[in-house]
Amino acid sequence: MYEVCGEKELKVILALDSDDSISGVARKIDENRETIRRVVNRLEEAGYVAYDDGLHLVDQTIRDVGLEFLTAAADISPPSISEAYVLSQFAGMEYAYTGIDAVYVWTRGGYQVARDPEDYPLFIAVHESDLDAWAAFFDRFGIPTAEERQPAEDFDGAIQVVLEPRPQIDAEMVDGRPVIPLQETVAFANEYYATFESALDMLGRMYDDVDTDANYRPN
């Protein structure tokens, strides 16, 4: 009974959506595929997970209980920045990284505009109809949300989530993370060219369908 109660097992249970592959789950939670393969094997042997043209949980109750445990744990040990990114995978709602985080995802972590670890906003596009549910989800972990970035002095803690409500979400998957389309990301970066010149140069080198005049050379 206790053999599958580790950290990675809990992450897999919380992140797994029906028909996911092992690779897909591993990317969602930023873990090594081989490690997650072994974790999934243990969960399957214990009867928590089954495979039928994709993985699925045998009993959804175990996920609900796991989320309750994680909520309680956050009262003692609040989520780190890296953990906050993974938390979004556990909400069970559609979303996509946008703004600064879209640039970060599309450059595959190669560009990260300076964000103070003591004042760190995450930017997420969500369905308009899910806005209150997202706010309630992050509130469970002590993470404030708003539709505009808030001054750091307005709340305790370093992390906030800026929710951008949209009537629909067009998301693409990059390294297991849902993100707004590449061309929309490029348009955002062009709008703030002075900040994202180096990112645009990077995107132009990474993707053939990105047309940019950026030719960044550090001083």
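Modeller: The following account begins with the salt bridges around one lysine and then turns to other charged side chains and to the aromatic rings. The model is a predicted one, and the distances below are computed from it.

Side chains of opposite charge can pair when their charged atoms come close. Lys 28 illustrates this with two partners, Asp 17 and Asp 20. In the salt bridge between Lys 28 and Asp 17, the closest N and O atoms are 2.8 Å apart. This pair links distant parts of the chain: Lys 28 belongs to helix H2, which covers residues 22-28, whereas Asp 17 is in the loop between helix H1 (7-15) and H2, and the two are eleven residues apart. The second salt bridge joins the side chains of Lys 28 and Asp 20, with an N to O distance of 2.7 Å.

Asp 17, with a relative accessible area of 38%, is partly exposed.

A further salt bridge is found between Arg 205 and Asp 201, whose closest N and O atoms are 3.0 Å apart. Both residues belong to helix H9 (residues 193-206), and because they are four residues apart, about one helical turn separates them. Arg 205 is exposed, with a relative accessible area of 56%, whereas Asp 201 counts as buried at 10% relative accessibility.

Arg 177 lies over the face of Tyr 85, at 5.0 Å from the ring centre. Tyr 85 is itself part of a cluster linked by ring pairs, whose other members are Tyr 95, Tyr 97, Tyr 104, Tyr 120, Trp 134, Phe 137, Phe 138 and Phe 141.

The structure holds 13 aromatic pairs. In the pair formed by Phe 188 and Phe 196, the ring centres are 5.3 Å apart and the planes stand at 55 degrees, so this pair is tilted. Phe 196 is buried, with a relative accessible area of 3%.

Conventions:
Residues are numbered from 1 along each chain as its sequence is written. This is a predicted model: local features need pLDDT of at least 70, side-chain atom pairs count only at pLDDT 80 or more; totals for chains, interfaces and linings use all residues. Side-chain values use heavy atoms; hydrogens and water are left out. Rings of Phe, Tyr and Trp (its six-membered ring) pair if their centres lie within 6.5 Å; planes under 30 degrees apart count as stacked, over 60 as edge-to-face and the rest as tilted. Buried means under 20% relative accessible area, exposed over 50%, partly exposed in between (1.4 Å probe, protein chains only). A charge sits over a ring if NZ of Lys or CZ of Arg is within 6 Å of the ring centre and within 35 degrees of the ring normal. A salt bridge is a side-chain nitrogen of Lys or Arg within 4 Å of a carboxyl oxygen of Asp or Glu.
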